[in-house]
Amino acid sequence: MTMKSQNIETMPLTWRHYYIVGVASLGQLIGTAVATVAGIIIPMLNILLHPELSSFMQGLIGCVDLIGIAIGSVIFGRLADKYGYLLFFRLCPALILVASVISVFIPHIAVLTVCLFIVGIGIGGEYSLDSGYVSELMPVKYRALMVGVTKTASSLGNIIAAALAFWFIMGTRNADLWSDLMWIVAGIAALMLILRIPFYQSPKWLLDHGEYQAAEKAAQQFLGKDVSIPKPDPAPDSNPSQAASSSDSKPEGQKNASDESSPSIFRFISRNINRVILSGVPWACEGLGVYGIGVFLPILVMALGLKHDTPGMTQIMHVASSVEVTLWISFIMLPGFILGLWLINKKKSITAIQSVGFWLCAVTLVLLLLSYHNNWNKWVSIGAFMGFELFLNMGPHLITYVLPPKTYPPATRGLGVGIAAAIGKIGAVLGVFFIPILLKAGGATLVLIVSAAVMVIGAIVTNVYGRLVDQSEN
C-alpha cells in the first residue's frame, strides 16, 4: 500500500513538530535563566564585598553575557548560513555548559565575568538558530504561532531560575556559595546538548544550497517518511549577466534570495535598512525591559520597598525576600506570552501587537512611578510591575522574536536574525550597564522615567518602520 505524501508546508501539526519546538525553545529558556541568575548573584556579592560592589562592576557583571550574545548572534548566524545549522546547534550548549562549570569551580569575580561572556556567545548562537529551525520546519499556517511558542519558554527561564535560586538561598543562607547558582545554567545547558544529539540538518538550508534529496531526507528524519518538500522552481533565465541585471533592478524586499547568500554585513544592512531597523531597534528597546529591569529586578524590588521586611533580618534574607517578590512578578510573564500567542493566532498584525505592548508598558511604568512617589500600598506597585511584565511579554518580548524570521528570506535568515539579535542585545547591554548608574544618580525614579521613555521610542519605531517595510514588499 502506497503511503500518501504530506507537503511539509501544508501538513497538520504532529507530535514531532512539538518536539522540535521544545528542543529549540531551551535556547530561549537559558537566555533569561542566565540573566536571572546574574541578577541574584550581584546582591549576594554586595554582601561579601565592603564597600559594596561598585555601580560599574554591577553593570559589567549584569551585561557581559549580553555583550557575548550580541557577538555570538552575528558570528553564529553567519556561520550557520554558510555551513548549516546543525553543528552550531550542538556547539552552543556545549560552550555554555563548559563556561558555567568553570565559573562554579573557580568562584572569582573576574572568572565569573569571563565565563558569563562565553555563555553569552553561546546564547547568541541560540538566538540565531532556534527561530530558524522552528520557522523552517513548521507548516506555513502555524509558523508564526510556533515561533512565538518557542519564545514563550523564556518566561519559564525566569521562573525556574528564580525558584531554584530562592530554594538554594533559603537552604544555605550563605552568600559565600554564590557561584553554586551557576549550576542552574550548567544543568539546562547539559539537557540542551543531550536532546540535540539526535537532531538533523535544516531541510530548508539544504534546499537553498541545491541539495534537494538531502533536504527531503532531513525533512523525513524530522517529521516522518511520508513528508515531502516542494521542488524549487527552475531559474527563469540561466544567463548570469541578465540575472544580475534583473536582480539589481528589484527594490528592497524583492531581490532573489541567492543574490544575498553571502553579502558583507555592511552591504546587507544597507540593502535591507528598513528591515534591519524594524527588526532590530524595537528589540533593543525591549531589551531594556527584559534584561535591564530583569537583571536588576531583585535590586529594584529593594529600591522600591516592595519586599517583606522583619526586624533583625540578615542581609542574605533581605536578598531572599527580594528574590521571592521577583519570583511572583516573574509568574505573570507566562500569561503575557499566552495572551500574545492568542492574538497572533487570531491573525492580528504582529507590528500592531508590538506597538500596543510598548505603549502599555510605558503606561504601567508611569503608574509604578506614581505609586512609589505617593507612597501607595506596595501591592499597587507590585500590580503595576506585574502589568509591565504582562504587556512586555505579550507584545515587545514576544514579537521582536517572531518578526525577524518573518522579515528575511531563508537564504539570509540566519544573518538577518543574527543582526536583529545583535542590535537587540546592544540595547540590552546599555540598559543593564546603565541601570545601576541611574540608580546611583537618581534612584528608582530616574530608572522608571528612562525606561518609560525607551518604551515610547519602541512604539514609534514599530509604527513608522512597520509601514515602510509593508510598503516595500507590496
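Q: How many helices and strands does the secondary structure of the protein come to?
A: First, some ground rules: this is a predicted model, where local features need pLDDT of at least 70, side-chain atom pairs count only at pLDDT 80 or more, and totals for chains, interfaces and linings use all residues. Residues are numbered from 1 along each chain as its sequence is written, and side-chain values use heavy atoms, with hydrogens and water left out. Helices (H or I, at least four residues) and strands (E, at least two) are DSSP runs, numbered from the N terminus. Here the tally is 18 helices and 2 strands.

Q: What percentage of the residues of the protein count as buried?
A: Buried means under 20% relative accessible area, exposed means over 50%, and partly exposed is in between (1.4 Å probe, protein chains only). Out of 474 residues in the protein, the buried share is 57%.

Q: Among contacts between residues at least 6 apart in sequence, what percentage join residues at least 24 apart?
A: A contact here means heavy atoms within 4.5 Å. Take the contacts between residues at least 6 apart in sequence; the share joining residues at least 24 apart is 82%.

Q: Is the aromatic pair of Phe76 and Phe88 stacked, edge-to-face or tilted?
A: Rings of Phe, Tyr and Trp (its six-membered ring) pair if their centres lie within 6.5 Å; planes under 30 degrees apart count as stacked, over 60 as edge-to-face and the rest as tilted. The count by this rule is 12 aromatic pairs. In the one made by Phe76 and Phe88, the centres are 5.8 Å apart and the planes sit at 55°, which makes the pair tilted.

Q: Which residue lies over the face of Phe89?
A: Phe89 belongs to a cluster linked by ring pairs, together with Tyr85, Tyr133, Phe199, Tyr200 and Phe222. A charge sits over a ring if NZ of Lys or CZ of Arg is within 6 Å of the ring centre and within 35 degrees of the ring normal. At 3.7 Å from the ring centre of Phe89 is Arg196.

Q: Which residue forms a salt bridge with Arg196?
A: A salt bridge is a side-chain nitrogen of Lys or Arg within 4 Å of a carboxyl oxygen of Asp or Glu, and there are 3 of them. For Arg196, the closest N and O atoms are 2.6 Å apart. This pair links helix α6 with helix α4 (residues 109–137), 70 residues apart. The partner of Arg196 is Glu126.

Q: Which residues are linked with Glu9 in a network of salt bridges?
A: The side chains of Glu9 and Arg143 meet at 3.0 Å, N to O. Arg143 lies in helix α5 (residues 143–172) and Glu9 in the loop between β1 (6–7) and α1 (15–48), so this pair ties together parts that are 134 residues apart in sequence. Glu9 also forms a salt bridge with Lys204, at 2.9 Å between the closest N and O atoms. The residues linked with Glu9 are Arg143 and Lys204.

Q: Why does Lys204 count as buried?
A: Lys204 falls under the cut-off for buried residues because its relative accessible area is 12%.

Q: Which helix gives the most to the nonpolar patch?
A: Patches are made of residues with over 30% relative accessible area and no salt bridge: like charges are joined within 9 Å, nonpolar side chains (Val, Leu, Ile, Met, Phe, Trp, Tyr) within 5 Å. Val98, Ile102, Phe105, Ile106 and Trp183 form such a nonpolar patch on the surface, with about 500 Å² of accessible area together. Trp183 is in helix α6, but the top contributor, with 3 residues, is α3.

Q: How far apart in space are His318 and Pro43, C-alpha to C-alpha?
A: His318 is in helix α13 (residues 315–330). In sequence, His318 and Pro43 are 275 residues apart. In space, C-alpha to C-alpha, they are separated by 9.5 Å.

Definitions and conventions: Accessible areas come from the Shrake-Rupley method with a 1.4 Å probe; for residues, only the protein chains shown count as cover.
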